[in-house]
Amino acid sequence: MTAGKWLKTACNLCYINCGVEVLVNDGRLEKVRGDRSSPKSQGYLCNKATRIPYYADHRDRLTTPLRRRADGGFDEIEWDVAIAEIAERLRDIVDRYGGKSIALYGGGGQGNHAGGAYASGLLRALGSRSVFNALSQEKTGDFWVNGHMFGSQTCHTAEDVHHCDLLLVVGANPWIAHGFPNARDHLNQIRKDPARKLIVIDPRRTETAEMADLHLAVRPGTDAFLLGALLAALVRSDRIDHAFIEEHTIGFAEVRQALLNIPVEEWAAAADIPIANLERCAAMIAAAKAMVVRVELGIQQGINSTLNSYLEKLLIMLSGNFGRKGTNQLHSWLLPLWGNSPNQTFAPTGDAIIGGLLPPNIFPEAVLKDHPDRLRCAWIDSSNPANTAANTEAVERALRSLELCVVIDVAMTETARLAHYVLPASSQFEKAEFTLFNFEFPTNYFHVRAGVLPPLAGTLPEPEIYTRLAIALGLLPGDNVLAPLREAARRSRAEFAIAFRAFIAENPSTGAVPALVLYHTLGQTLPDGTAAAAPLWSAALACAKRSPQAVRRAIGASDEVRDHQLGDLLFDTIVSSRQGTAVTRHEYDEVWSLISHSDRKVRLVVPQMLEWLARLDPQAAGAPKEFPFMLAAGGRRMFNANQIFRDPAWRRDDPDGAMLINSNDLSELGAKDGDWIAVESVVGRLVVRCKVDNAMRNGQLALPHGYGQAYPTPDGERLTNGPRINLLTESGNRDPIAGTPYHKNVAVRLALASAHEAAACQSQSERIHMRAAGQRLDGSVK
């Protein structure tokens, strides 16, 4: 590979995926800087992205397939042996129980996204239809609401933050977690412009709330009461957009009556918000010319999460802040990241399948329940449910009980240590990659990246892993059968299209794994080793057919390009651009074409949501007496990101993942800043370091995500890096419709840690601190 040169790629730490350039020397990634030529991020870079080298090169990388022994240890085996044994065991499970007994968990995540199409295709070919992933742990309540209001669960809202004069942030902290392109730049621009305003609804006075014109410090878990009261106040004072409602929505009268039934003062009190502040918020919304509502996991993983998403959408619609410059929008897709599966349920548990996905909170039950269709095999691709799913103990018990568990990952994760087979993948920077999180409007971007590092010896990119499995399972023919199709691809795209359709018709078994067929044919003609992007060809054709004018604007297609040629031109533009490219560029009034209802109108009435709203009891707000603290489990901080960063040296501060707590609460406990505190929930107990943060409300606690990994020391010991927060979360503490966990509202109690516990935690912390400081445990410097 290239040495001593800056190469273009993208950050893999959050779904914004800013364009970056990396300096590679001697096969190692040394430095990171923002890519000024990126059409999306234009050189923007946050502090976390500079630490990407800690992902690319660390001590916990996998370099050979592993097979678990009966004693729990692992033997290194050859790739051919691993593939043959896994294929045989998969066939046996399908023969005995059917493909429905196999679930995919992940399929694009942990920094590796391009493999998702290959994983899902192969498992679907075996009859599997069950998929769990991070999206279904976070967003499916929102997808469910979108399906009812906009006509499809793939209709997804975007935010035109760049042009708004009021940004309303609910349950999010974009200064730290970003969530929209160039977040800090835009927050600074709003702060400096007297004509623009910022409202933040969040229990904690976050970094973003510090910048706000109005901060509503809502009581944890009462967002639905605050949003309901705010909507009711707007309706009562008639500060809504009647013209917009009349032209673009259906069902306002019924919704209006439901909102008028809300006792505003009582609900505001339940949320612990003074009525004067609620009225000020309503007045600011009414005065705004263009408002954007930005929400995140604070309400999407909080109590009443699906209802929260519905109320958020009502606020956008009733105020008329949709489909105009500087408001909320829908966005186009190159390829939808999830599906549309209304009225589908998962037989073993009866839970809803939303967006084609199942919530991780039901995973233990789906495996352990005595049901003929329970899961017997989990195929875990770039995911770590043993650390990231609710109720660690139950998840680990389920993983151990499976007849077959296979993990594909770049590192020896907590989940990998429970698998029967572990297959080492190349890292995101060692292979061609792309990210499906293209959520922008009016201009939407997509970025295919070539590898910038040589693959670590012994690893394989996911398309190669799935190729070997598909051949072993008899799903993919040998290279001699695919060769004529590959030659057609080399001659011309038009000839390939005809040949590909004929090939699938003549070889129906390959129709189940089209991504692999494309990878080995069309993919071999793509530039810079980007063969893994070949499945995007069909996506580009479909995108050009759906939105021809938007595609033409985005790629600058001339009038000479015929409509039937547009998809190929879009595909070629995507795979040839190393800094990413625009794939659609819409006019604002075209947002209505993205609504799936045939009349292009938004349905305001969702009966289940109005029934839920009517059932809300303000007397039940707050934490239960036996567990008086409300813990936000899994927050973003300056130096945490996700589970892909395993080396603790990447953290400049907070190596312990300290629990934030108000000084008054800490004083009443008889503890001081930095002490070790025991946190207890209904399912578990965790000892953590505490850190005073008076931006927290009394009774509110917060622990970060991205910790709890066991990392090897130079002498071979594995030390756990901070709190495994899902030892505290409970599978049943979840949304009744979407099954998303209430991670932001976990009821707990506190106690001083015993002297023995504190000493053990302190010892491990000191060893982790030495590692974080770059010092070896023997005292030498790394």
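In which hand does H3 pass H18? H3 passes H18 in a left-handed crossing, a term used when the near helix is turned anticlockwise from the far one by less than a right angle.

## Basis of the model

This is a predicted model, in which local features need pLDDT of at least 70 and side-chain atom pairs count only at pLDDT 80 or more, while totals for chains, interfaces and linings use all residues. Residues are numbered from 1 along each chain as its sequence is written, and side-chain values use heavy atoms, with hydrogens and water left out.

## Two helix pairs

Helix H3 (residues 116-125) packs against helix H18 (residues 462-472) at an angle of about 15°, their axes lying 9 Å apart; helices are DSSP runs of H or I with at least four residues, and strands are E runs of at least two. Axes are lines fitted to C-alpha atoms, for helices over the stretch in contact, and angles run from 0 to 180 degrees between N-to-C directions. H3 and H18 are therefore roughly parallel to each other (an angle under 35 degrees). Tyr-118, Ala-119 and Leu-122 of H3 make the contact (heavy atoms within 4.5 Å) with Pro-463, Tyr-466, Leu-469 and Ala-470 of H18.

Helix H14 (residues 305-318) and helix H25 (residues 607-615) cross at roughly 110°, and their axes come within 10 Å. That makes H14 roughly perpendicular to H25 (65 to 115 degrees). Here Thr-306, Leu-307, Tyr-310 and Leu-311 in H14 meet Met-609, Leu-610, Trp-612 and Leu-613 in H25.

Four strands form an open sheet in the order S11-S10-S9-S13, with parallel pairing (at least two DSSP bridges between two strands). Strand S11 (214-216) and strand S13 (291-295) stand at the edges, each with a single partner strand, so one side of each has no neighbour in the sheet. On average, neighbouring strands of this sheet are turned by 15° against each other, direction ignored.

Strand S9 (residues 166-170) runs parallel to S13 and is joined to S13 by five bridges, with Leu-166 opposite Met-291 in S13. Helix H12 (residues 275-287) packs on the sheet and touches S9, strand S10 (197-201), S11 and S13, its direction making about 130° with that of S11.

S30 pairs with strand S31 (residues 718-721) in the antiparallel sense over four bridges, and Ala-710 stands opposite Thr-720 in S31. Five residues lie between the strands of this hairpin, in which Gly-716 takes a positive phi near 95°.

Note on methods
Parallel < 35°, antiparallel > 145°, perpendicular 65-115°, else oblique.
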